[in-house]
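This briefing is organised by topic, for reading alongside the sequence and the coordinates. Please keep both in view while going through the points.

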Amino acid sequence: MKDVEMNNNWPQLDYLGWRDTCSALHLYSQIVGKYRLAHTPWLNHSWNATFYVTPWGLTSSLIPDGPGIEIQFDFQNHEVRGTSGDGRAANFALGPSTVAAFHANFLQLVSDLGGTPTFSGQPNEMPFPVPFIEDHRDRPYDRDAVQRFHHALLAVDRVFKEFRSSFLGKSSPAHLFWGGFDMAVTRFSGRRAPLHPGGIPTLPDHLTHEAYDREVSSAGFWPGGGGIDFPAFYAYAYPEPKGFRGALVRPESAYWNESLSEFILPYDAVQSAPDPGAVLMKFLVSTYEATADLGGWDRELLDCMPGRRGQARPHNAGQPDPVSPPTTERVEREDSASKGRYIMVIDGAEAEMTYSRAGEGMIIIDHTEVPTVLRGRKIGERLVRQAVEDARREGITIVPLCPFAKAQIGRHPEWQDVLAQS
């Protein structure tokens with residue numbers, strides 16, 4: 001693409017510089033998304049209403065209206081394109097416009113494809129919404145900014161899909177919600193959640209109730225807006241486990257945003273890193289682990305090794321003999337006067353659990369990291385067990401500040417004799 005600098009798969013994004021175009025694109029996506037929503041059978045958690053990233057831009061996928069219709073936002077040629085199951089095609093240009101004009105063009109496009117252009121005419125999830133047909137405000141269209149946004153979506157989508165592959169439980173696709181104009185990928189514990197309080201502006205509470213009727217660990221990407229004036233990644237849990245907002249998440253540039261009740265990682269911290277995908281993966285993994293460990297999710301049942309290209313994942317079916325061969329590698333310990341760590345190196349992959357000393361009689365476990373290739377082998381549990389055994393032998397106590405270590409000790413009452421008394 002000649003209009004976009006191609007030497008970086010993670011382009012720079014300046015939200016304040018293109019926010020008017022972003023706002024217009026958000027509203028345009030709501031018009032198309034509401035059409036899909038109105039003509040598609042309901043799928044859990046509104047998954048029937050979302051968009052998916054493509055090399056061209058965004059697609060609705062096949063909508064069961066008329067002969068079958070697909071709508072695409074083409075961010076390379078800057079047009080909305082529709083195709084139908086009987087071979088028809090229609091399009092109109094994306095450019096400076098009004099929401100009302102876009103709405104009229106889209107109604108005509110659906111009609112030309114043999115569909116029925118009926119859907120709600122009111123925006124959602126934004127303050128002071130103006131009905132689409134009454135929104136005659138002139139909106140700009142920054143082609144370069146839209147293309148940079150598309151390239152960011154392509155990069156984010158790749159990492160989100162890789163992250164999704166290391167989870168056996170129920171998980172959403174990597175998809176874009178037009179309500180908040182954010183990409184998201186969500187994992188579920190499999191347990192029911194308490195009724196969500198609702199209260200999201202211009203979003204009916206019954207939709208929120210259904211969206212959050214199961215425990216979730218969700219992460220996503222905003223181009224900006226919604227309480228922040230810069231592009232960022234977010235992560236949250238519902239219901240929020242006790243201690244979640246104080247959990248140690250990575251990378252260091254991630255932080256808890258009190259007003260949003262979410263962890264935030266600025267996009268710039270990812271984009272400017274030597275390996276942006278690895279930095280984003282640390283955020284996704286660490287925030288999920290905080291949710292799952294503090295929330296008591298059954299990670300032995302839910303987690304798995306990441307998917308590999310062209311290779312079926314080893315099965316996880318029940319075996320006549322559930323006893324797996326023991327791992328022969330030993331837990332090693334590196335210790336000093338102020339801090340230390342437990343490590344296991346298996347097939348060249350290193351797992352570690354770090355701690356610091358608080359005086360002579362106490363250690364504080366502050367972080368556990370098990371590479372994805374070693375997950376499902378109870379390596380982290382072995383690290384914690386070794387720390388417990390050493391604490392007994394040395395006559396010291398443990399403060400498990402790390403959510404994983406805290407959860408492991410919580411599941412083993414026989415280990416809790418080494419806990420420091422509060």
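Two strands are taken to pair if DSSP finds at least two bridges between them, and helices (H or I, at least four residues) and strands (E, at least two) are DSSP runs numbered from the N terminus. In β14, the residue bridged to I346 is A349. The model is predicted, with local features needing pLDDT of at least 70 and side-chain atom pairs counting only at pLDDT 80 or more, while totals for chains, interfaces and linings use all residues. Residues are numbered from 1 along each chain as its sequence is written, and side-chain values use heavy atoms, with hydrogens and water left out.

**The open sheet and its helices**

- Strand β13 (residues 339-346) and strand β14 (residues 349-357) run antiparallel and are joined by eight bridges.
- Both belong to an open sheet of five strands, ordered β12-β13-β14-β15-β16, in which the pairing is mixed.
- Its edge strands, each pairing on one side only, are β12 (332-335) and β16 (397-400).
- Neighbouring strands of this sheet are turned against each other by 25° on average, direction ignored, where axes are lines fitted to C-alpha atoms, for helices over the stretch in contact, and angles run from 0 to 180 degrees between N-to-C directions.
- Helix α8 (residues 379-394) packs on the sheet and touches β12, β13, β14, β15 (362-369) and β16, its direction making about 140° with that of β13; contact here means heavy atoms within 4.5 Å.
- Helix α9 (residues 403-411) lies across β15 and β16, and runs at about 120° to β16.

**Two hairpins that share β4**

- Strand β3 (residues 69-74) pairs with strand β4 (residues 79-84) in the antiparallel sense over six bridges, and R81 in β4 is the bridge partner of Q72.
- Four residues separate β3 from β4 in this hairpin, and H78 in the turn has a positive phi of about 55°.
- β4 also pairs in the antiparallel sense with strand β5 (residues 89-93), over five bridges, with F92 in β5 as the bridge partner of V80.
- The hairpin of β4 and β5 likewise has four residues between its strands, and G87 in its turn has a positive phi of about 95°.

**Aromatic pairs and charges over rings**

- Rings of Phe, Tyr and Trp (its six-membered ring) pair if their centres lie within 6.5 Å, with planes under 30 degrees apart counted as stacked, over 60 as edge-to-face and the rest as tilted; by this rule there are 25 aromatic pairs.
- Y35 and F119 form an edge-to-face pair, at 6.4 Å centre to centre and 70° between the planes.
- This pair links distant parts of the chain, 84 residues apart, with Y35 in helix α1 (residues 15-38) and F119 in the loop between α2 (99-112) and α3 (143-164).
- Y35 and F119 are both buried, a term that means under 20% relative accessible area, with exposed over 50% and partly exposed in between (1.4 Å probe, protein chains only).
- Because their planes stand at 90°, with ring centres 5.9 Å apart, F244 and W256 are edge-to-face.
- Y28, F51, F73, F75, F92 and F102 form one aromatic cluster.
- The charged end of R81 sits over the ring of W56, 5.7 Å from its centre, and that of R187 over the ring of Y288, 4.4 Å from its centre; the rule asks for NZ of Lys or CZ of Arg within 6 Å of the ring centre and within 35 degrees of the ring normal.

**Cysteines**

- A search of the whole structure finds zero disulfides, a disulfide being a pair of cysteine sulfur atoms within 2.5 Å.
- C22 is buried, at a relative accessible area of 4%, and C402 counts as buried at 4% relative accessibility.
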